[in-house]
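Reader: Could you take me closely through a single part of this model, the sheet with the helices packed on it, and then turn to the ligand and its surroundings?

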Amino acid sequence: MSLLPAELIRKKRRGEAHDRGEIEFLVRGFTSGEVPDYQMAAWLMAVCFRSLSSAETAWLTECMIHSGQTLEFKIPGKIAVDKHSTGGVGDKTSLIIAPLTAAAGVPVPMMAGRGLGHTGGTLDKLEAIPGFNVRLNLDAFKKLVVETGTAIIGQTKEICPADLKLYALRDVTATIDSIPLICASIMSKKLAEGVGGLVLDVKFGSGAFMKTAQEAEVLAKTLVEIGRFHGLKITAFLTSMEQPLGRFAGNSVEVQECMDILQGRTCEDGGVDFYADTRELSLRLAAAMLVLGGQAADAQTARATCEELLRSGAAWRKFREICENQGAKPGWELPRAGHEAVVTSPGSGYVAQILCEEVGLAGIELGAGRRRAEDEIDHAAGIEVLVKLGQKVEKGQPLFRLLAGRKDVFAGATARLAKSVRIGPKPPAPVPLIHAQITEQGVFYG
Ligand code: URA
């Protein structure tokens, strides 16, 4: 008796459990094209409402891993380590972490993603660099990692093709924010990539897929459990996405922020360094990678090493080497937007709340992200975030500077940004950037 996709959709819609064969049928069928997008989208939506059990999630992860090839990085005396974020707004740390960690001697085979929902993607950011090639073949990728310490590519058709297709479909069908789907997506590609260690940045808050720290903790624990089951050295940080990270959200502008940080620059405005959170998070995650990679005995030593690599310019030189290795044009310059607009504060008071998802969606309106899977990105489009939570503002003070290649996109983006900030009579309680770390030993808050 053959399985029918509609039967499996109905089964999940009713909240019934699949067996391994049914999950395998769906993943195989979707990857080969026999199960069409519309049926897979319906099944994904059913999963969003009904969830998957631990066993179903484990089978989904395994089927996704085995939808393509798996890699292995055997570098004598080294442990290859990657970092993955569950997605945020202005979340650009990979561009700092890959060169920083590689400069410290940890091999970093980074397989990154494109924008997902309202969140940005490392690949889209890197493609703002003229000539930068994120589509290296696997041999070239492996060679660069072994010989130079790192390379950053997108998923290829060979590695986890199931996730490649599912990721694009979930992006445009509002089926991202499901713990089992996120777990299977992240862990399948990281396990197929062949790393020995993984640092996860699991975000929570208004700009993350997990809106609360509690939900993020469940996600992080599940990710860590799957990683450990497969023999990975793994740790997860729960980090706040209650406001955009750093000063910029977009592609070209985020690359510029990372290049500034790698060159030791700050972004002072009104007594606040707007790069401080991007720098701090990058250092914490990179330090954890050094520990997992066996390059430092503890987080403190690792942090000191990372700070020195930033200070000495070694991480910046590694960044330029990555660009050169991956085809960036000699003398490249980042694209700049031709048009700008400003969103101002409707009142005086304190920045009490930023609906960060609206900021991400405003970025999509400007052209920095995709509405449909086949959309082209305007790499120069983006948002400069001129205020941080808790900051005092006056009526009429600029809150955001919008950048785009077309003027007609400003109306929609402005409307979103105008409703994204709430000005209140007092500052909100501060939310720490790093809420907790989950390790094999347990959860450590603060
Ligand atoms: N990152 C991924 O790779 N997959 C998800 O589903 C969410 C974030």
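This is a predicted model: local features need pLDDT of at least 70, side-chain atom pairs count only at pLDDT 80 or more; totals for chains, interfaces and linings use all residues.

Author: Five strands make up an open sheet of mixed pairing, arranged in the order β1-β4-β5-β15-β16. Its edges are formed by β1, residues 81-85, and β16, residues 442-445, each of which pairs on one side only, and from one strand to the next the twist averages 15°. Within this sheet, β5 (residues 233-240) and β15 (residues 434-439) are joined in the antiparallel sense over four bridges, with T239 standing opposite I434 in β15.

Helix α9, which spans residues 179-193, packs on the sheet and touches β1, β4 (197-204) and β5, its direction making about 165° with that of β1. A further helix, α12 (residues 276-292), lies across β1, β4, β5 and β15 and runs at about 150° to β4.

As for the ligand, the residues around it are H84, S85, T86, L116, Y167, R170, I182, S185, I186 and K189. In the side chain of H84, an N or O atom is 3.0 Å from an oxygen atom of the ligand, while R170 places a polar side-chain atom 2.8 Å from a ligand oxygen atom; S185, in turn, has a polar side-chain atom lying 2.7 Å from a nitrogen atom of the ligand. Taken alone, the ligand exposes 240 Å², of which the protein buries 98%.

Notes
Residues are numbered from 1 along each chain as its sequence is written. Side-chain values use heavy atoms; hydrogens and water are left out. Two strands pair if DSSP finds at least two bridges between them. Helices (H or I, at least four residues) and strands (E, at least two) are DSSP runs, numbered from the N terminus. Axes are lines fitted to C-alpha atoms, for helices over the stretch in contact, and angles run from 0 to 180 degrees between N-to-C directions. Contact means heavy atoms within 4.5 Å. A residue is near a molecule or strand if one of its heavy atoms lies within 4 Å of it. A polar contact is a pair of N or O atoms within 3.5 Å; within protein, one must be able to donate a hydrogen and the other to accept it, and residues adjacent in sequence count only if both atoms are side-chain atoms. Accessible areas come from the Shrake-Rupley method with a 1.4 Å probe; for residues, only the protein chains shown count as cover.
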